[in-house]
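Subject: Structure handover

Hello,

Here is the structure I said I would pass on. The findings follow below it.

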Amino acid sequence: MSIPVHIVTGFLGAGKTTLLNRQLSSGDLANTAIIVNEFGDVGIDHLLVESASPADAMIELSDGCLCCTVRGDLVDTLEQLSRRVSGGTPLERVIIETTGLADPAPVLQVIMAAPGIRDRFRVAGVVTAVCALTGLDSLDQHNEARTQVALADVIILTKTDIAPPSPALIATLAALNPLVEPVDANASDVSLTLDDATVSNAKITDSGAGHHNDRHHDNGIEAFTLTHNRPIDEASVGMFVDLLRSTMAPEMLRMKGIVWTEQLADQPLVIHGVRSVFDPPQRLASWPSSERKTRLVVISKHGKRRHIADLFAAFTGQARIDTPDQQAITENPLAIPGM
Ligand SMILES: Nc1nc2c(ncn2[C@@H]2O[C@H](COP(=O)(O)OP(=O)(O)OP(=O)(O)O)[C@@H](O)[C@H]2O)c(=O)[nH]1
């Protein structure tokens, strides 16, 4: 059984450590390793996180950002944890608190793709703290803040006790991540460690995506849904994903959803990708609702929607006058317009 890794992110000062402390003090983080990543020579945050978990469960990765310089350290740390587990130490979960300036995608990629890590750990979810007071400014001004929201499985609005979130902030969050309905940090059931069922259900249902089928925002990220009403050949799905990974990885922040395949039509395929890294597709035991339909939510850099939609159309046999079909693309990938 792989060990779930929960990533807690959010812009500088958004309230990550406060949320973590709150959950630690509630006592439900037994057998949890907490990895805190900080900028600067002297880490502070790890001192601020209360030691409610075993002393050696607290690991500080400082002097760099997880998404760049200390990536190797993260792999080493997870390998060490894995060895401890083999030696009999109980470990139910890992929580990684990133720096406020981190892009969480490389962290996810380490867990999903690094040899020796991906078999022993799995991404359980990304929780992003957003400050109700300063969140809108951060989102307007910083790419990292937008990426943190775009990649979130859960968005927690902090400091709502000081001021309620503005409608503009709520609208911006919905545009950046139509899959997720923000929750209030003060709500009684807020948790940083969502169980797998909650997260995978959020990923595959239509909640949010159905209402915001085609959302974009002028701050560089757009979210849209690709849908198809007929079963798709599984091989075509694989080719579509491969081509996206090889040609669009820097622009495609995230793709998640369910696919109705010709093979095993009663058990939809779950697709879950972060940039170029995709989880091995999993089958659901059955459809989550009565509606059978392929739904893929894509969060990408602004301006790439047309290319991604054209590729999807080609691989699902939806011919368009000015777009090559699947055969043309797979025989000559250079034929994709705009790439
Ligand atoms: N009133 C109020 N203050 C909060 C809340 N959450 C965090 N704070 C305060 O905001 C400040 C920053 O909180 P932290 O939890 O350290 O934020 P962080 O995201 O870990 O900060 P960095 O690690 O520096 O990015 C602290 O002074 C907290 O006490 C909240 O929900 N309400």
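This is a predicted model: local features need pLDDT of at least 70, side-chain atom pairs count only at pLDDT 80 or more; totals for chains, interfaces and linings use all residues.

Salt bridges

Arg93 belongs to a salt bridge whose other member is Glu92, and their closest N and O atoms are 3.3 Å apart. Glu92 has 43% relative accessibility and counts as partly exposed.

The search of the whole structure gives 6 salt bridges.

Arg292 is in the loop between strand E13 (282-283) and strand E14 (294-301), while Asp266 is in the loop between strand E10 (252-259) and strand E11 (269-274), so the pair ties together parts that are 26 residues apart in sequence. Both ends count as partly exposed: Arg292 at 35% relative accessibility and Asp266 at 48%.

Another links Asp310 to Arg306, and here the closest N and O atoms are 3.1 Å apart. The two residues are 4 residues apart in helix H10 (residues 305-315), so about one helical turn separates them. Asp310 is buried, with a relative accessible area of 3%, whereas Arg306 is partly exposed at 46%.

The chain as a whole

The protein chain has 11 helices and 14 strands. Of its 339 residues, 52% count as buried. The accessible surface of the chain comes to about 14600 Å², and carbon and sulfur atoms account for 51% of that area. Among contacts with a separation of 6 or more, 75% are between residues 24 or more positions apart.

Two domains

The chain is divided into domain 1 (3-194) and domain 2 (215-335). In the contact between them, 21 residues of domain 1 meet 18 residues of domain 2. The size of an interface is often given as the accessible area lost when the parts come together. For these two domains the buried area is about 1700 Å², with 64% of it on carbon and sulfur atoms. Met112, Ala175 and Leu179 supply 30% of the area that domain 1 buries against domain 2, more than any other three residues.

On the domain 1 side, the elements that give two or more residues to the face touching domain 2 are helix H4 (104-113), helix H6 (143-150) and H7.

Met112

Met112, one of the three residues named above for its share of the buried area, lies in helix H4. At 10% relative accessibility, Met112 counts as buried. Leaving aside neighbours within four places in sequence, Met112 is in contact with Arg118, Val123, His272, Val274, Val277, Phe278 and Asp279. The C-alpha atoms of Met112 and Phe278 are separated by 7.7 Å, although the two residues are 166 residues apart along the chain.

Thr160 sits in the loop between strand E6 (154-158) and helix H7 (167-176). Thr160 is buried, with a relative accessible area of 15%. Not counting residues up to four places away in sequence, Thr160 touches Ala132, Pro165, Asp184 and Asn186.

Helix H1 (residues 16-25) is mostly covered, with 7 of its 10 residues buried. The buried residues of H1 are Lys16, Thr17, Leu19, Leu20, Asn21, Gln23 and Leu24. Just after H1, Gly27 takes a positive phi of about 85°.

Regards

Conventions
Residues are numbered from 1 along each chain as its sequence is written. Side-chain values use heavy atoms; hydrogens and water are left out. Buried means under 20% relative accessible area, exposed over 50%, partly exposed in between (1.4 Å probe, protein chains only). Contact means heavy atoms within 4.5 Å. Accessible areas come from the Shrake-Rupley method with a 1.4 Å probe; for residues, only the protein chains shown count as cover. Domain bounds come from an automatic or database domain assignment. Buried area is the accessible area (1.4 Å probe) that two parts lose on being put together, summed over both. A salt bridge is a side-chain nitrogen of Lys or Arg within 4 Å of a carboxyl oxygen of Asp or Glu.
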